[in-house]
Protein chains: 2
Amino acid sequence: MSALFKQITICGVGLIGGSLALAARQHHLAEKIVGLGRSEANLKIARDRGMLDLATRDPIAAAHGAELVMLATPIRLMPVTLRAMREALPHNAIVTDAGSVKQWVIDHLEPELGAGMALVGAHPIAGKETTGAAAADPALFVDQRVIITPSARSTPAAIEKIEMLWRRVGARVSRMAPDLHDLILSRASHLPQIVASTLAAALNNAQIGSEPAAAYGAGGLRDTTRLAASSADMWLDILVTNREAILGAAAEFRAVLDEFGSAIDNRDEVRMRAILEQGRAMRAKLP
Amino acid sequence: MSALFKQITICGVGLIGGSLALAARQHHLAEKIVGLGRSEANLKIARDRGMLDLATRDPIAAAHGAELVMLATPIRLMPVTLRAMREALPHNAIVTDAGSVKQWVIDHLEPELGAGMALVGAHPIAGKETTGAAAADPALFVDQRVIITPSARSTPAAIEKIEMLWRRVGARVSRMAPDLHDLILSRASHLPQIVASTLAAALNNAQIGSEPAAAYGAGGLRDTTRLAASSADMWLDILVTNREAILGAAAEFRAVLDEFGSAIDNRDEVRMRAILEQGRAMRAKLP
């Protein structure tokens, strides 16, 4: 198979960008893989792991020859990153991203595109609590969902190439409108993060007598708060750029919490059991 | 080593009771192990796994010769179980339990004790989402915490024997006042259960367009809702018998949730980051 791209420039060589570089290398998806980074220490790790043909902090150097620009930075850095590369990009470059929020990204990248360029939003739903090129794993996307969110500046040819890219690294690809994506992910991903961070923050200083309550937690506490270890920078970007959908999801959660609290307060065992059983039903449906 | 007890009667041969039976067998803690159960099917599993010398549904038959009565039933069944055994118990039997709530259990078991009997509350903090004798595991308690909650009817000799029992099956034993235990566990264990069940229940019917939102969750959603798969019966008992402490814990959680929601609504990134970082700090302290 010939390479899908002459050159992919990956902006942000962290867990997602680094894993894609390794997977693209393994599956011969590009003749040349360039990485644009902010930290020299992280770029050195990427270089040492052999994932890049060129690792640079210079956006102009990274832009030259980029048939595909993959934005894998924190969400709010994407528009400024693309703007900094803009003058040196091929006039027909394809721009894509790996952000967890899609409408904001599309709205803010479209104004940065040259006339001949295409934009295809994408969201690989794959993550770990670990970050950086050191955590990159060429198998990260195998059997994971990648949602492609076509929009006004997506050409059919560009969509097809991006879908091919993700399929070739093992992902299960589907398409969705950007606003629908943001609503669904606000429930399936952003709400669990808020809940885990809230629980962990509430327990951080929960002291009963001289005992820190969290020290008496077992595996259940560990599972329920695992997401709270995630990067605050990354999540701040998601909370700000998907604000309305997240507020809606939080309101739905809070309505159930209030109902549960009032059932406990009123010793209403029928309502308590109903909520516990709805939770069990959701778990039973989870793949 | 001679056996610690001539006979242990375990009431409730589920995950905890069955695991203790297997561990007691393995470490020669009793000359005879009797199991009292409600379901013939479950008792058959216990018999087939060789964990009991006698498996019965008859509380009188189970009571005869019980030097130690271990109540490992759902919490609200403990007083009625002890009452049903009472007339056939040795006059100096030691009663203990494995419930997740301690003050309620002690308050409701004390009136059922004969004059020469002793009561030592205990809580092995070990669990899985699986239940029944089939899930029993002799290593379940190894390196897990067991909290002993001495109270008015605990004699020093009985406390020592119960602590020895748990140490011999590998647990890390500590002592705590019953009310302090209930406050700490309401934060470390009961609150995570409420949060996980609430999240799962809220997502159970969350439909965006024609898509069930939860189907797009990844490992983070799975972790955060894992506890929601637990037995509703068991949790209903905990919610009812530790009501006040749990309402307090839920109020603390809700205060942080409201603060988080208001920070997102007001685009207050300083407050959002503070909560995310408090959550990270809690995780970093978790053993």
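Through which surface do the copies meet, the same or a different one? In this predicted model, 99% of the interface residues of chain A are also interface residues in chain B, so the copies meet through the same surface.

**View 1. Relation of chain A to chain B.**

**View 2. Side of chain A that touches chain B.** The contact involves 77 residues of chain A and 76 residues of chain B. Two or more residues each on the chain A side come from helix 7 (178–204), helix 8 (219–225), helix 9 (232–241), helix 10 (243–265) and helix 11 (269–285). Helix 7 of chain A gives the largest share, 21 residues. This side of chain A holds 46 nonpolar, 14 polar and 17 charged residues.

**View 3. Domain 1 and domain 2 of chain A.** Chain A is assigned domain 1 (5–176) and domain 2 (180–285). Taken over C-alpha atoms, the centres of the two domains are 31 Å apart.

**View 4. Contact between the domains of chain A.** Domain 1 of chain A places 14 residues in contact with 14 residues of domain 2. On the domain 1 side, helix 5 (103–109) and strand 7 (145–149) of chain A are the elements that give two or more residues. By class, the domain 1 side that touches domain 2 has six nonpolar, five polar and three charged residues.

Conventions
Residues are numbered from 1 along each chain as its sequence is written. Chains are lettered from A and ligands numbered from 1 in the order in which they are written. This is a predicted model: local features need pLDDT of at least 70, side-chain atom pairs count only at pLDDT 80 or more; totals for chains, interfaces and linings use all residues. Domain bounds come from an automatic or database domain assignment. Two residues are in contact if their C-beta atoms, placed from the backbone, lie within 7 Å. Helices (H or I, at least four residues) and strands (E, at least two) are DSSP runs, numbered from the N terminus. Ala, Val, Leu, Ile, Met, Phe, Trp, Tyr, Cys and Pro count as nonpolar, Asp, Glu, Lys and Arg as charged, and the others, Gly among them, as polar.
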